[in-house]
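This report describes one protein chain for a reader who has not seen it before. Please look at the sequence and the structure first.

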Amino acid sequence: MTDMPGMKQASPSAAPAQPTRTDFADADVTFATDMYPHHAQAIEMARMVPGRSRNAQLTALATAIEKAQGPEMSRLADLLHAFGKPAPTAMTQHPMDGMMSPDQMNTLRGADGAAFDQQWLTMMIDHHQGAVQMAGTEITQGTNADLKAMAQQILATQQAEIQQMRDMLSQS
């Protein structure tokens, strides 16, 4: 994964800071830690669209995904820091719902045109469904008001984008 300008990313070995907040539970830490690499992969996928797709609607959707999830990544990193937890990393250390495998990502990188569009939409629907599940868990099990609000926003936005992508697939 390449560096993403404007996004905080530290090495996994970075020492956690002293906590400045105590209004969190294990579920909040898990959500923030897991959503960070999940968003990083979505942004990586969004950045593949220009030059591979000729679909203006898909290009606009990819831009919207990148614009929404980049700031969320920064907020996740800030909250983890405030909780005194290690800095997040864009690389996940365990399997996670909706994450694409390296082979899937390589296949997507090799596609172009309508084939790329179909693969991207199908993969991003799966990816978003994983984020929706993670957000639902945060809403029911988390305690941090900031993260629960973010999870509500992720849930609403990504469910709407899933429907938009399904509609786009049905038109192709």
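Is K148 buried, exposed or partly exposed? At 25% relative accessibility, K148 is partly exposed, where buried means under 20% relative accessible area, exposed over 50%, and partly exposed in between (1.4 Å probe, protein chains only).

The model is predicted, so local features need pLDDT of at least 70 and side-chain atom pairs count only at pLDDT 80 or more, while totals for chains, interfaces and linings use all residues. Residues are numbered from 1 along each chain as its sequence is written, and side-chain values use heavy atoms, with hydrogens and water left out.

**Surroundings of K148**

K148 belongs to helix α5; helices (H or I, at least four residues) and strands (E, at least two) are DSSP runs, numbered from the N terminus. Not counting residues up to four places away in sequence, K148 touches E138, I139, G142 and T143, where contact means heavy atoms within 4.5 Å. T137 is 11 residues from K148 along the chain, and the C-alpha atoms of the two are separated by 9.6 Å.

**Salt bridges**

Six salt bridges are found in the whole structure; the term stands for a side-chain nitrogen of Lys or Arg within 4 Å of a carboxyl oxygen of Asp or Glu.

| Pair | Closest N and O atoms |
|---|---|
| R21 and D146 | 2.8 Å |
| R75 and D146 | 3.1 Å |
| D112 and R54 | 3.5 Å |

The salt bridge of R21 with D146 links the segment before α1 to helix α5, across 125 residues. R21 is partly exposed at 23% relative accessible area, and D146 is also partly exposed, at 30%. R75 counts as partly exposed at 33% relative accessibility. Through shared partners, salt bridges join R21, D23, R75 and D146 into one network.

D112 and R54 form another salt bridge. D112 lies in the loop between α3 and α4 and R54 in the loop between α1 and α2, so the pair ties together parts that are 58 residues apart in sequence. R54 is exposed, with a relative accessible area of 63%, whereas D112 is partly exposed at 41%.

**Helix α2 and its ends**

At the start of α2, a side-chain oxygen of N55 comes to within 2.8 Å of the backbone nitrogen of Q57. Just after α2, G84 has a positive phi of about 75°.

**The aromatic pair**

A pair of aromatic rings is described by the distance of the centres and the angle of the planes. Rings of Phe, Tyr and Trp (its six-membered ring) pair if their centres lie within 6.5 Å; planes under 30 degrees apart count as stacked, over 60 as edge-to-face and the rest as tilted. By this rule there is one aromatic pair. F24 and F83 form this stacked pair, 4.2 Å centre to centre and with 20° between the planes. F24 is in the segment before α1 (26-46) and F83 in the loop between α2 (56-82) and α3 (102-109), 59 residues apart. F83 is buried at 2% relative accessibility, while F24 is partly exposed at 23%.

**The nonpolar core**

In soluble globular proteins, nonpolar side chains tend to be buried together. A nonpolar core is a set of buried Ala, Val, Leu, Ile, Met, Phe, Trp, Tyr and Cys residues joined through side-chain atoms within 4.5 Å. In this model the largest such core has 47 residues, and those with the most contacts inside it are F31, M45, L76, F116, W120 and M165. The elements that give two or more residues to this core are α1, α2, α3, α4 (113-141) and α5 (145-171). Leaving aside neighbours within four places in sequence, M45 is in contact with M100, M105, L108, W120, M123, M124 and H127.

Which residues does H39 contact, leaving aside its neighbours within four places in sequence? They are Q69, E72, M73, I154 and Q158. H39 is in helix α1 and is buried, with a relative accessible area of 0%. The side chain of H39 makes a polar contact of 3.1 Å with the side chain of Q69. A polar contact is a pair of N or O atoms within 3.5 Å; within protein, one must be able to donate a hydrogen and the other to accept it, and residues adjacent in sequence count only if both atoms are side-chain atoms.
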